Amino acid sequence: MAEQTRPPIVTILGHVDHGKTTLLDFIRKSSVATKEHGGITQHIGAYQVSHSGKLITFIDTPGHAAFEKMRSRGAKVADMAVLVVAIDDGIMPQTVEAIKHIQEAKVPLIVAVNKIDLAGTDKNVQLAKIKKQLSDKQVNLEEYGGDVPVLPISAKTGEGVDKLLEMILLVAEMHETKGDPALPSAGVIIESSLDKFKGPIATILVRNGTLKKGDQITVGGVNSKVRGMFDFSGKPVDSGGPSTPVEVLGLETVPVVGAVLGELAEVKEAEVVQSLVERLKQGDTKTLKVIIKADKQGSLEAIQTSLEKFNTERKIVDYIFTGTGDIGEENIKLAASVGAIVIGFNVKVAPTAQKLAENEHVLIRTYNIIYELLEDVEEVVKTLVEVGQLEEVLGKANIIAEFPHGKSEKIAGCRMTEGIIAKGQKIRVVREGQNIGETRLKSLKKVKEEVNKVEKGNDCGMLFDPPIDFAIGDTVESFRVI
Ligand code: GDP
């Protein structure tokens, strides 16, 4: 099959309370793709509507805690952005940020001036004011010879929404959004969670190719099999083609939002990652040491919260220092002394710091989109795993009892909670997150019988050699350096 037109993927951005959610709701209710979906609550963070017989995919990015991240991601994943500006408010700080993201993502933009039902007789005056504000922010409006249309709408009454949908289709046609359903799937994780019963769940927005039930996929370096697929309304489906959002079951781990699968993963700054890996290989580090500088405390917290995803199993990202303000010489000195990388978010690098970094071979990376920062870190973590700089935990057990053995030794009575622990593996004992010592298994007993391995769910007795001063409540982990 050759390339063919695929539905445009659209994200709606704008300042809080300017009507993004209302607009998404109105569109969903009035033109959702198939009749049977009418009235069904949307299940996942994206949906498709049909307008004039053509499909449009909307990514749902209403304001919530991870708003900034979602918005950055949305602008990147989407083929075009609709910027919602409330007529009574005009351009606000988040509107400006959204414009920045859209310009950086280089996606076509349509401006929807919302809440026109509120505007009285001075509607045109307010519209003109907003247009002027947009022009000041380097938005090239159509009426001034650029390519950005401005459409007045009311998400509440629906006025102008039809025209907006038509405009989306027109812009899509001009930019020729195309895909080839015959290709293996390439897409982006737009949501992920761990369901108590179903395990890891992710919403994948297929950008190209077709994702099918039973497919083997690799996301963030982890291979999984697609065991179940659902469309945006929760209906089971067997496949999803270009521009289709699908919910997927069967993943081995919960993927990071923004992670890519398929060929999109290759669109990477391989060079940067390579140099970073080289640098890390020089040390015997088993963690990625980072120094983070951000413009404000809020950004710092958002970045750290997002990076914590890498630390769920064990500590991979190690924060050496975090703070606000530009990257200075002292940050580079610290990075050089401990073998850390320096990550900047919305900050500048002082020229002296830049020079020092070059001399000391310290890697500095600056970002202004959290999503890209995470994507790079994810790539580094993945590569570190591939080149053997990280360990893999193979099994875990809780020490629930202790029994004296011989003159001075003691046996740990354990309950296996994860994976497998076997003789010959490297073993460590962990207390409150701290490694209190590494050892090997001298003896491993299930009831009274000596065994070579124990699996999750079983109780066993472990005798360590060399002995280790464990305590009840500690965790035994078996691991290997990958
Ligand atoms: P969001 O934060 O951008 O998602 O904004 P919401 O969609 O939650 O809208 C914020 C408020 O504006 C809500 O009270 C909406 O009912 C109201 N609103 C949204 N669109 C319109 C509109 O076109 N006209 C009027 N009058 N109110 C609107």
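The axes are lines fitted to C-alpha atoms over the stretch in contact, with angles from 0 to 180 degrees between N-to-C directions, and the helices are DSSP runs (H or I, at least four residues) numbered from the N terminus.

I noted that this is a predicted model, in which local features need pLDDT of at least 70 and side-chain atom pairs count only at pLDDT 80 or more, while totals for chains, interfaces and linings use all residues. Residues are numbered from 1 along each chain as its sequence is written, and side-chain values use heavy atoms, with hydrogens and water left out.

I then listed the contacts (heavy atoms within 4.5 Å): Glu-329, Ile-332, Lys-333 and Ala-336 of H8 meet Thr-352, Ala-353, Leu-356, Ala-357 and Glu-360 of H9.

I searched the whole structure for aromatic pairs and found three, counting rings of Phe, Tyr and Trp (its six-membered ring) with centres within 6.5 Å. Phe-464 and Phe-470 pair edge-to-face, at 5.8 Å centre to centre and 80 degrees between the planes, where edge-to-face means over 60 degrees. Both Phe-464 and Phe-470 are buried, that is, under 20% relative accessible area with a 1.4 Å probe, protein chains only. Elsewhere, ring pairs link Tyr-47, Phe-58 and Phe-232 into a cluster.

I finally checked for charges over rings (NZ of Lys or CZ of Arg within 6 Å of the ring centre and within 35 degrees of the ring normal). Lys-410 lies over the face of Phe-470, at 4.5 Å from the ring centre, and Arg-428 lies over that of Phe-479, at 4.2 Å.

Methods:
Rings of Phe, Tyr and Trp (its six-membered ring) pair if their centres lie within 6.5 Å; planes under 30 degrees apart count as stacked, over 60 as edge-to-face and the rest as tilted. Buried means under 20% relative accessible area, exposed over 50%, partly exposed in between (1.4 Å probe, protein chains only). Helices (H or I, at least four residues) and strands (E, at least two) are DSSP runs, numbered from the N terminus.
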